[in-house]
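Subject: Structure handover

Hello,

Here is the structure I said I would pass on. My notes on the helix packing, the chain interface and the domains follow below.

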Amino acid sequence: MNRNNFWINFCIAVVLITSAAILGQIGRWQSMLHKNMADFSTKSTPKPITVKRSEAESEPEVLVKFRSNVNLAEIKKIAAKNNDRVEDEIESVKGLVAIDDLDNADTKKVAAQYAQMSDFVAYAEPVFEVKLDDPVTNSPQDLLLRENDANTVLPNDPMFKDQWALNNVGQNGGKAKADLNALNAWLKTQGSSDVVVAVLDSGVDYTHPDLVANMWIRPDNIPQYRDDELGTFNDLHGFNAADNQSDPMDDNGHGTHCAGIIGAEGDNDEGIAGINWKVEIMPLKFMGRGGFGTTKDAIEAINYAIERKRAGVNVKVINASWGSTMYSKALEDAIRAAGEEGILFVAAAGNNSTNNDKQPHYPSNYKLPNVISVAALDRNDQLASFSNYGVNTVHVAAPGKDILSTWLNDGYREASGTSMATPYVAGVAALVLASEPKLSMEKLRERVLQSVDKLDSLNGKVESGGRINAAKALGE
Amino acid sequence: MSFSKDSAVQRAKTDLAERLSISEDEIKTVSATEKDFPDMSLGAPVDDEMSAQMISSGWQINLSANGKNYEYRADKYQLRLRGDNGTNYVIES
């Protein structure tokens, strides 16, 4: 190797070594960069953190609104005393907290327990689980209860949610609480099979599955009905004055509808609930398939009810969801005679949108001490457009539009009319009698009329100025 | 007997022809429309009749003959003629 070649080779070696060193460093830098990028990437998209909740951290079960004089510390003390825990304070509503019951007791019972502490608690209600595929309107149990209703018992009848007259929560555009206040009434009584309500109508389908348990059947100790002129009737289910026979089977549907409003069996997993879950319905048929009948047959049927009362049947109320503008002194006298036997006579005010003070409608217009005349309301507490009225002749109003009740062929349907309002009043009267069986007819009438919810819409329209309230009638 | 709208119109025509002693061909159907009536006597009660106070669906049938109009009311179980002077007639039930 000559001297010149040595220096050339030396320079090449230095360049190669330096290059290798630089490349090695670059590789390390690249490796570090990749590692840092990977770390960064991992940190920017963290995996979900799943924390298993302990039993003590379970979901809140009741919502309780404490009164304004109770502070959070006191609320926590009250909760702790009940072996509960305040899960959350709902800041937007003063005093409202979500409470977790550590005992995992029934939520309705827990809510009721808090509701009873009325000195401290405004209201309490269970937390309802809402599922996307399970709308809250699917079953009665899903109904949203109103304030202070947490300790009520809902019947399990599947169509109860559609019975706005009994529990109006605003369904189908209605006004919440424009109802009979049935839930609170049922806290005191759900009716009694000792009370007999006669449905003077087109008969009743006494085999309907929602009525059959509440139909009157002549007891063995009551003799068959005997009329000197008409003969003897084996009146097992009531009486049929339209055909002069004992079988009062309904072939129209109207009487069956009225009967269901008064006393479709409640909490039986079937159809609807009557305002009375338990009662005895005595069908008195005087109208035929078309839904009309004669005053004579109506009188015959009233006569039957009076005679049965005298024979020992506890007939206390007659429901009369019918009428006409024709005055009949004989019908008036028959109704008076029923009153003298202590039978309340509840009558429809009529559907002509007219003033009964000026254009009388009978039998509702008879000025007798046992008659209650009934106007109809819609689901917004307004007088129904069809309803008759009269501040001197119509006494009270009740729900009567879009009323769901029993019908022929084991069916159900909605119907409208003062026909539908009347059995709600008759039914509330029966409910009061279930609670106070010794109440006189006069006191019963007074009770029903004086326990109304006054409504602006009825001012100057009906004598009492209000809608009947079952709970108030029972003193709840 | 159970009426449809068409059979109620036909029965009303037959009734009016008999009342006026004219041929059914001389009677014109002005209208036959579904209607809600205030009660089960279709708002056309006859003397000594009490009816269920439930809003009831049926047909209002307006016929004309000899330059005069006549109103019948029907549902599936009945046919009534509504009289001008407040006197109504049950044609079939």
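Two residues are taken to be in contact if their C-beta atoms, placed from the backbone, lie within 7 Å. Please keep in mind that this is a predicted model.

Helix packing in chain A

Helix α5 (residues 254-263) and helix α8 (residues 418-435), both of chain A, have axes that come within 8 Å and cross at roughly 35°. The crossing of α5(A) past α8(A) is right-handed. On the α5(A) side, the residues that make the contact are A:His254, A:Cys258, A:Ile261, A:Ile262 and A:Gly263. They meet A:Ser419, A:Met420, A:Pro423, A:Tyr424, A:Ala426, A:Gly427 and A:Ala430 in α8(A). Sorted by class, this contact of α5(A) with α8(A) holds eight nonpolar and four polar residues, and no charged ones.

α8(A) also packs against helix α9 (residues 441-450) of chain A: the two axes come within 10 Å and cross at roughly 120°. From α8(A), the contact takes in A:Val425, A:Val428, A:Ala429, A:Val432 and A:Leu433. From α9(A) come A:Leu444, A:Arg447 and A:Val448. By class, the contact of α8(A) with α9(A) has seven nonpolar residues, no polar residues and one charged residue.

Interface between chains A and B

How many residues of chain A are in contact with chain B? There are 27 in chain A, and they are in contact with 17 residues of chain B. In chain A, at least two residues of the side that touches chain B are supplied by each of β10 (292-294), α6 (295-311), β12 (322-323) and α8. The largest share of that side, three residues, comes from β10(A). The class count for the side of chain A that touches chain B is eight nonpolar, 17 polar and two charged residues.

β10(A) also pairs with strand β2 (residues 49-52) of chain B, in the antiparallel sense and over three bridges. Within β2(B), B:Ser51 stands opposite A:Phe292.

Domains of chain A

Chain A is divided into domain 1 (55-127) and domain 2 (182-473). Taken over C-alpha atoms, the centres of domain 1 and domain 2 of chain A are separated by 44 Å.

Regards

Conventions. Residues numbered from 1 in each chain as written. Chains lettered and ligands numbered in written order. Predicted model: local features only at pLDDT ≥ 70, side-chain atom pairs only at ≥ 80, totals over all residues. Axes fitted to C-alpha atoms, helices over the stretch in contact; angles between N-to-C directions. Helix = DSSP H or I, 4+ residues; strand = E, 2+ residues; numbered from the N terminus. Left-handed = near helix turned anticlockwise from the far one by under 90°. Nonpolar A, V, L, I, M, F, W, Y, C, P; charged D, E, K, R; others polar. Pairing = 2+ DSSP bridges. Domains from an automatic or database assignment.
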